[in-house]
Amino acid sequence: MKIAEQAAPASPVNPASLSSGSSGDEIAEALLAHVEIEPGQGIDDLALAMGTPAAELQEPLKKLLAENKITEELRQGQASYYPA
């Protein structure tokens with residue numbers, strides 16, 4: 001018998017709205033909202049929670065970091081993101 005997997009926390013983001021046709025600004029806004037609700041997650045956790053590939057979050061993350069809206073903390077080579 002398998003142990004039930006814990007569901008990801010609910011995000012205010014509608015994953016269906018983050019299709020590959022979404023603009024980077026929409027993804028960045030959704031990403032910021034999620035980081036504010038669930039601080040300390042890495043890119044893989046963010047991608048899973050938002051229902052979008054991690055590769056699509058790279059540019060929005062860079063944008064939010066450049067705008068000082070989020071901060072990045074590195075621990076053992078893994079980045080975690082927090083609201084600024």
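This briefing describes salt bridges and the exposure of selected residues in a predicted model. Local features need pLDDT of at least 70 and side-chain atom pairs count only at pLDDT 80 or more, while totals for chains, interfaces and linings use all residues. Residues are numbered from 1 along each chain as its sequence is written, and side-chain values use heavy atoms, with hydrogens and water left out.

The structure holds 5 salt bridges, each defined as a side-chain nitrogen of Lys or Arg within 4 Å of a carboxyl oxygen of Asp or Glu.

**Salt bridge between helices**
- Asp25 and Lys63 form a salt bridge with an N to O distance of 2.3 Å.
- Asp25 belongs to helix H1 (residues 24-37) and Lys63 to helix H3 (residues 58-66), so the pair ties together parts that are 38 residues apart in sequence. Helices (H or I, at least four residues) and strands (E, at least two) are DSSP runs, numbered from the N terminus.
- Asp25 is partly exposed at 43% relative accessible area, as is Lys63 at 31%; buried means under 20%, exposed over 50% and partly exposed in between (1.4 Å probe, protein chains only).

**Network around Lys63**
- Lys63 also forms a salt bridge with Glu67, with the closest N and O atoms 3.9 Å apart.
- Shared partners join Asp25, Lys63, Glu67 and Lys69 into one network of salt bridges.

- Glu59 and Lys62 meet in a salt bridge at 3.5 Å, N to O.
- The two residues are 3 apart in helix H3, about one turn of the helix.
- Glu59 is exposed at 52%, whereas Lys62 is partly exposed at 49%.

**Strand E1**
- Leu74 lies in strand E1 (residues 70-75) and is exposed at 59%.
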